[in-house]
Amino acid sequence: MDSLSGNGQSPAASSGLSVLLIDDNASIAESIALALRLGRHRIDCASGPEEALSRLAATRYDVILLDMNYAANRTDGAEGLALLARILSDDPGAAVVVITAHSGVRIAVEAMRAGARDFIMKPWRNADLLARIAAAAAPRAVTATAPVAAEPARLLGDSPVIERLRALIRRIGPTEAGVVVTGPAGSGRGLAAAALHAASPHAATAMPVIDLRDDAAWGLLDNPAPTFLLRHPDRLGEVAQARLLARIAPATRCIAIADSAAGILPALARRIATVEIAVPPLATRAGDALLLARHFARIAAVRYARPIPRFTPAAEARILSGPWADEVRGLGAAVERAILLGEGDTIDAALLAPDPVVAVAESPAARFDLDENERAVIEAALREHRHNVSHAAAALGLSRGALYRRMARHGL
């Protein structure tokens with residue numbers, strides 16, 4: 001399945017609740033974590049919005065504890081309110097409890113109006129903290145006001161194009177309209193389809209996935225379901241598309257994934273493609289590639305019991321310069337491979353090359369082709385290694401001579 005974010009879902013604790021704490025104050029995080037663990041709850045901590053959204057994209061939590069300020073000297077709660085809005089737009093049923101100081105009663109009230117379940121004042125009593133967390137989690141298990149999807153379906157990214165995509169999903173998801181999701185393979189079409197279903201009234205019911213290229217999969221159409229995910233209807237011939245239209249039950253909603261909506265004949269399009277939602281290619285998503293790379297690194301580090309690495313400046317420039325074969329999915333694969341091949345707690349540009357074996361010698365198939373954006377990558381590597389050409393060349397997977405020639409070509 002196409003993916004904008006990997007799924008590193010952690011198992012829930014054998015007893016108690018799973019809690020995500022979002023707080024940049026290490027001392028407060030340690031105190032709350034200790035109290036929750038003594039209460040037999042499982043807790044993960046995130047130091048800010050980016051890490052929090054990354055964890056929420058991989059794991060479903062029973063309760064989210066949300067501090068309201070992160071940047072130095074900020075006390076207005078704007079950062080926390082913005083993150084609260086983002087969390088609830090992705091999952092209206094999320095149980096969020098905000099944390100604020102006594103001077104922040106106004107912020108707490110505003111957060112409650114925006115959808116938070118409760119608030120906790122600093123300093124807190126542990127018994128009160130545990131009681132409020134339990135109370136916040138209770139509605140999800142008893143009378144949740146919003147459907148709960150089986151897995152998170154969060155589209156990570158801060159670029160304008162991905163925010164427009166999220167807004168369109170929020171608008172169309174709750175309807176019964178047929179939707180076709182288009183875009184490059186690997187860009188996140190499957191996750192966008194899952195987010196549409198998660199925003200629908202049928203989110204609590206599984207959405208069967210039917211690859212229409214597989215004749216055996218067509219039998220799933222005979223099983224009642226409120227929503228079907230149809231993959232590749234645009235690759236069917238005219239007769240097969242007519243047969244598909246005849247087999248879709250009148251009350252069934254269809255979400256389709258296609259390379260192009262133009263390949264769907266008008267009669268079928270009226271039924272399954274009332275709206276087209278195009279997932280943007282990674283190259284149009286501004287700085288999202290680096291945010292996604294850090295997300296993939298966190299997931300892979302947990303999966304393989306490795307320390308969560310940082311990317312060197314040259315690696316960051318390589319990530320941002322692209323292009324990435326297979327889009328976001330290809331970037332995720334490159335980061336996962338780098339985690340496995342790397343040593344220590346850093347990832348350099350050479351580890352992100354498509355070849356699994358480091359090759360320092362110059363060759364027609366060098367470690368990676370820096371493409372039209374290679375100047376930015378070379379400059380970052382030179383800065384990182386204080387203009388030591390030998391070290392920069394090794395980091396980039398090039399011979400010293402090859403790097404000199406590229407530098408000359410770009411006037412460096």
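Predicted model: local features only at pLDDT ≥ 70, side-chain atom pairs only at ≥ 80, totals over all residues.
Let's start with a pair of residues: Leu 21 has Cys 45 in β2 as its bridge partner.

Zooming out, β1 and β2 sit in an open sheet of five strands, ordered β2-β1-β3-β4-β5, with parallel pairing. β2 (42–46) and β5 stand at the edges with a single partner strand each, so one side of each has no neighbour in the sheet. On average, neighbouring strands here are turned by 20° against each other, direction ignored. Helix α3 lies across β1, β3 (63–67) and β4, and runs at about 160° to β3.

**Helix α4: one face in, one face out**

Which residues of α4 (residues 105–114) are buried? They are Ile 107, Ala 108 and Ala 111. Looking down the axis of α4, the buried residues fall within an arc of 100°, so they line one face of the helix. Behind this is a general rule: an α-helix has 3.6 residues a turn, so residues three or four places apart point the same way. On the face turned away from the buried side, α4 carries the exposed residues Arg 106 and Arg 113. The cover over the buried residues of α4 includes α3 (78–90), β4 (96–101) and β5 (118–122). Just after α4 comes Gly 115, with a positive phi of about 125°.

**Helix α7: mostly covered**

How many of the ten residues of α7 are buried? Nine of them are, leaving this helix (residues 189–198) mostly covered. Among the buried ones are Arg 189, His 197 and Ala 198. Their cover includes α6 (160–172), β6 (179–182), β8, β9 (253–257) and β10 (275–278).

| Helix | Cover includes |
|---|---|
| α4 | α3 (78–90), β4 (96–101), β5 (118–122) |
| α7 | α6 (160–172), β6 (179–182), β8, β9 (253–257), β10 (275–278) |

**A histidine in a loop**

Last stop: His 232, found in the loop between β8 (227–231) and α8 (238–247). Is His 232 buried or exposed? Its relative accessible area is 4%, and buried means under 20%, so His 232 counts as buried. Leaving aside residues up to four places away in sequence, His 232 touches Asp 211, Leu 212, Arg 213 and Ile 257.

Conventions. Residues numbered from 1 in each chain as written. Heavy atoms only, no water. Buried < 20%, exposed > 50% of the residue type's maximum accessible area, 1.4 Å probe, protein only. Helix = DSSP H or I, 4+ residues; strand = E, 2+ residues; numbered from the N terminus. Arc of directions from axis to C-beta. Contact = heavy atoms within 4.5 Å. Pairing = 2+ DSSP bridges. Axes fitted to C-alpha atoms, helices over the stretch in contact; angles between N-to-C directions.
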